[in-house]
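Please look over the sequence and the model shown below before reading on. The report that follows takes up a few features in turn.

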Amino acid sequence: MKTRYSALALLRHALSGNRHWPQAWRSPEPRDRYDVVIVGGGGHGLAAAYYLAKRHGITNVAVLEKGWIGGGNTGRNTTIVRSDYYYPASAALFDHSVSLYERLSRELNFNIMFSQRGMLTVAHSRGEVDFQRRLVNGMALSGVDMEMLSAADVRRIAPYLNYAPGARYPILGGMRQRRAGTVRHDAVVWGYARAADRLGVDIIQNCAVTGIDRDPASGVVTGVRTTRGTIATTKLGLAVAGHSTMLADMAGFRLPLTSYALQAFVSEPLKPVLDTIVSSAQLGIYVSQSDKGGLVMGGNADPYASYAQRGSIPNAEAVAAGLVEFIPAFSRVRLLRQWAGIVDYAHDSSPILGNSPVPGIVLNCGWGGGGFKAIPAGGEAFAHTLATGAPHPLARAFSLDRFRDLALVDEAAAAGISH
Amino acid sequence: MSGARIPDHPRASARALRFRFDGRELEGREGDTLAAALLANGVRLVARSFKYHRPRGIIGSGFSETNALVSVNGTPNLPATRVMLAAGLDVRSLNRWPSLAFDIGAVNGLLGGLLSAGFYYKTFIWPRWELFEAVIRRAAGLGRAPEGRDPGRYDSRAAACDVLVVGGGPAGRAAARSAAERGADVLLVADARGEPPHPAVRQLARTVALGVYDHTLVTAIEDVDAPGLRQRFWKIRANKIVLACGAFERPLLFENNDRPGVMLAGAVRDYIERHGVAPGRRAVFLVAEDSGLAAADVARAAGIETRVFDLREGYRPVRAIGGKSLRAVDVAGPEGTARIACDLVAMSGGWSPAVQLASQSGAGLRFEPGIGAFVSEHQCQTVRACGAARGVSGEAECGADGAAAGLWAAGGEDMPPAVMPVSAHVHPLPPPGVKAFVDFQTDVSTDDLRLATLENYRSVEHVKRYTVWGMGVDQGKLSAVNGVVALAALQGTEPGALGVTKFRPPFAPVAFGALAAGHGLGRLFHRWKQLPAHDWHVARGAEFEDYGWLRPTHYPLPGESIEAAAQREALAVRHGAGLIDSSSFGKIEFKGPEAGRFLDLMSVGSPSTIPVGRIRYNLLTDELGTLIDDGVVARLAEDHFLMTASSGHAERVFRWMEQWHQCEWPLDVVMQDVTGKWAVLTLAGPRARTVLDRAQCDIDTSAFPHNAMRQGHLAGAPVRIQRVSFTGEPSYEIAVAADRAEALAEWLMQCGAAEGLIPFGLEALDLLRLEKGYIHVGGDTDSRTQPADIGWGKGIARKQSDFVGKRSLLHAASSAPGREQLVGLQPVDARDVLPVGAHIIGGKTHPSQGIVTSSGFSPALRRGLSLALLEAGQSRMGEVLTVWSQGRKWQARVSPVCPFDPQGERLA
Amino acid sequence: MLLIHCPHCGARDETEFVSGGEAHLKRPALDVSDAAWADYLFLRANPRGALNERWHHLYGCRRWFHVTRDTVSHAITAIYPIDETPAGKA
């Protein structure tokens, strides 16, 4: 039975004791062959499966997930969605993603709770104000809704920040994207999974890929070996974030990526206190308040390669210090939980989106700490290449070839910290 | 009043402490926890739950308290069981309006079926989520955020030991004693106060271990509560860790199991024995494990009317009766269901080992049917659990197990397997349609788990996220095992196959302020550096800004703005002489037979060809060919060079040099960062030489050309003087031992008085260098700028040999058309000053075709001047372009980067 | 928090060190192809398991040395001089 979610449906099911809700998605046995197999049941993989079915009419699709869907970075990130990227190619991709997010609850019939409370990044020196002017002007020329704020504006919008005369980092101004906000991360996973499942996509959980088969003569991909048997396919999408180089190794090629642990933190739940996301590059901190009331925050990736989904203590101390320096009243708020995801960074901190060196294998990786906000656009572009073999117009700058061509899109130089 | 002090308990005669709960004046005793004091006063209703605002009381006596969260003196969400009573505490209940007894939010309870797990994913889509969100946000959250500065202070310490024992119960104390007896250096982290178990054991009392991190580092938080210090954050490095963290008692699942008055049996015993407080007068014990029988005996002995139902004999709780306080409980048994009047229900559902820290340390978790809970399995050689933390029950048995752990930790043989019962009582799930809570605080009931299962949210992580089970402040200490066991029953599988959700640090919530103490706040957050002559600048009236170093921006006259001061100071340098403190420039010395060769490998230019005594401008690139710094190289001797680096890049450049030298090119050269050793005072201006001549300098300035270096004495002090210029005026950068900086500055000012010498700051310097087109790498360049883009293409073409970045500069991308190149930009209206960060619009592929990187009003040329990065800029001299910033537009002409004294005649 | 045994200073917390990433990369000569140059610049083994890397004792002796570290457990299994390979002298 397919149920359209609505207030009415809630009422109807409440009256019958909530005993008849349909499954959000099925758990089918994998078939022997699919037109497209996507490895990675995170946001990007599930979104791509949905768009393959919805936009390209390709429904014989499997999404393979080694654990539970959304258990990787999609379910571990700090849920910020924004498009304040400096370089035009990045701004176009991420702004498209914000636009898709704005319509996503309706498209999926699943409330992803996009809370567009804005994101404010403060400037602590005249030099930083000048730098923000460069960014804001550039982003505005790319069509991103950015505004510069005076010190008085910042104080009005975020009165709880540290304006003490002796502050280590005084606040001299800021920049803001109003359309930025937070999204309930699990809802994105579940919403795409449910919608893709309705269109016929098989979501196969607890299915780890152990090998990738290629035709010895042509080199074309022919299938994947998994812990649940071999699955034949000629179109294979890889969307496994921090584990991308391992999959590439299985397929016989290499990727210019390194995996790091990126930590996130949440506090005990509080009544509403932060009504926007606030961020400071100097203090190495960004923080928002979730609808449940927890302060959700993050900082920089741990400074060495890691596949450990746990964070280091020095980085946690630095984030705590950044928070207390930024919002002194939060000194006696308490940390409830810290965790980490494995993020894959390329040299320029920009994604790799498009064809791989192996015919039939398509890449969606290298998002670093910024993959969550790109899920709808990344999934759409990924699906486009899986369906047509050609790069998506918004993804051309993010091809693997850019490294050989030294045509990097160095967003790290234009951004403060990852979030 | 259903709670009471037990008269003959020592606590009854302890000092009285007054405190307030929601405005009511109450009295407790010294030694009470807040929870004990509330119970002693007969307070039952303490809190409201998160979602349904159901009335809640105190359920436990320790870390697992999930209900009784309060705010204490403005600090929210503290479990009353973990707050030590102090005189004058202002305690308030949370999440209720208008009052705890009458809470409007309780209406949510009537909507139970509508507000089922994950209901918000299924609605609130039309017309806009934000309309509903505002209401939901207000309803969610627990306590109010604290305001103002934290009155508490925190500090941080590190410790190291052979053996760290976590837990001050029977197992932990035995482990610490046994390890210490064998000579190990033992640190015991204990929650309670008390004497150490052995004279050689170091003990941290009132301390809770929070997390286990890489390489056996354990963090812990110590409650100090001394004047001026609230808590101390510990980082403890151990060779071996013994986890004796105890166990959490499990509640039972039955209808209304959350009513105030329903408590854990162990907690009831704890209040009676430790605090001398009887939590009720008529108690019903519902017992699935022997410790519950013992607790009932304690209650009976304390004069509480006690009835016991052993679940192993076929009894089963059906529902609790009552609202804000308990009136009765229905118990089903072999003889039917009976309603038993009571004001206290004590549940004993078995004990779940506290495996949080073990799990963090990397141990696997295994479901042990004997105790109906998970135990840790330790593969590594550094961590062991013991006592109740690995499923052992009984005080003597835990002590023996702890002794075995201590023996292992001291280097003895490994621990024997834990002795546990064969099978635990399995408690049946309550039927659908009743409110039986698995997670009390977050209001997750067995029905919510049922719904998640129905909808195919099957992984424990999915269930947790869908229902918010285990997401409360207690992080599932009370609910994790009950939830897994319930889910296994619903899914028709074994708890062990499902596993538990990941346990993340910290074990108990910890204040950000305490965690921050390990990093440093205020000026310690990021240190800044002061110039050697800082106090002299202060005395001269300088204003400072933080550039990593605190540096003078200007020396304003009374009432003078920074802009006016900069104009005045710059003109003084152009027409007379100025003194600027350049001490923050990086200074790196290279010495050795291969110093020149090494510098050639590191530089875009060829420092090895610099004649002794001469200086040359130099660029550094990274392996991508991107500019990372500029500076000058002086040759002091055949084998001795001195390189300067930008202030902000100095440390990085030195590290860069060391890395290449040690890792790639181990040539015969030694290098040293001498930035802090030398202060540098720069005399600049047409009269600078005269000032220097008057200053008793033994260097012949008549034979001291631009781009040369001399060593000598000035007023008796050894100096190195470099003739280089960042102003376009003849300049003498005088380096002197840092401790003589103030004396030299004062001396130079005296000598220059007749020449009109003034001190000048960075604002004036910025105007002077702008007139000359001298760049700031990182400001006038970006992550793509290469030497050719700032007009240094010829230098690369000339140099045949390899250097860092050379191969990238040979790539076609380095000569691609449309690269952004450095140009001058002059507003058509000379009065305009373009904002830094303005963009040059009208590009072909994107509206922006460049950026203004530096800007100012030139005091010498009396017009606005800018530097810019412009697509193909070097071939576009004379073009008039539109500059845009924040909605405003200007017209500006592309011009050479150096409009003032382009031939450098003034430097001669 | 990693405990790193600097070969010159002894065991110290990771906060004194800086990771320099994967070790034993071979820097090509100038006549290398664009593709091979890009490989040198960007391609890393990124193993899930043992990784040879360079570390710098920045707030100590300022010496570089090699570390073999597991990227999952973070256990350090070898420390050797900067001029050696895991097998011994380069």
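Are B:Tyr121 and B:Tyr466 buried or exposed? B:Tyr121 is buried, and B:Tyr466 is buried as well, where buried means under 20% relative accessible area, exposed over 50%, and partly exposed in between (1.4 Å probe, protein chains only).

## About the model

This is a predicted model, in which local features need pLDDT of at least 70 and side-chain atom pairs count only at pLDDT 80 or more, while totals for chains, interfaces and linings use all residues. Residues are numbered from 1 along each chain as its sequence is written, chains are lettered from A and ligands numbered from 1 in the order in which they are written, and side-chain values use heavy atoms, with hydrogens and water left out.

## Aromatic rings

A pair of aromatic rings is described by the distance of the centres and the angle of the planes. Rings of Phe, Tyr and Trp (its six-membered ring) pair if their centres lie within 6.5 Å, and planes under 30 degrees apart count as stacked, over 60 as edge-to-face and the rest as tilted. By this rule there are 38 aromatic pairs over all chains. Among them, B:Tyr120 and B:Tyr121 have ring centres 5.0 Å apart and planes at 70°, so this pair is edge-to-face.

The rings of B:Tyr121 and B:Tyr466 have their centres 5.8 Å apart and their planes at 10°, and therefore this pair is stacked. The pair links distant parts of the chain, 345 residues apart, since B:Tyr121 lies in the loop between strand E8 (90-93) and helix H2 (129-139) of chain B, whereas B:Tyr466 belongs to helix H9 (residues 460-467) of chain B. Helices (H or I, at least four residues) and strands (E, at least two) are DSSP runs, numbered from the N terminus.

## Where the chains meet

In chain B, 111 residues are in contact (heavy atoms within 4.5 Å) with 103 residues of chain A. Chain B and chain A bury about 9300 Å² between them, 57% of it on carbon and sulfur atoms; buried area is the accessible area (1.4 Å probe) that two parts lose on being put together, summed over both. B:Tyr121, B:Arg137 and B:Phe512 supply 10% of the area that chain B buries against chain A, more than any other three residues.

Across this interface of chain B and chain A there are 8 salt bridges, each a side-chain nitrogen of Lys or Arg within 4 Å of a carboxyl oxygen of Asp or Glu. B:Lys235 forms a salt bridge with A:Glu317, with the closest N and O atoms 2.6 Å apart.
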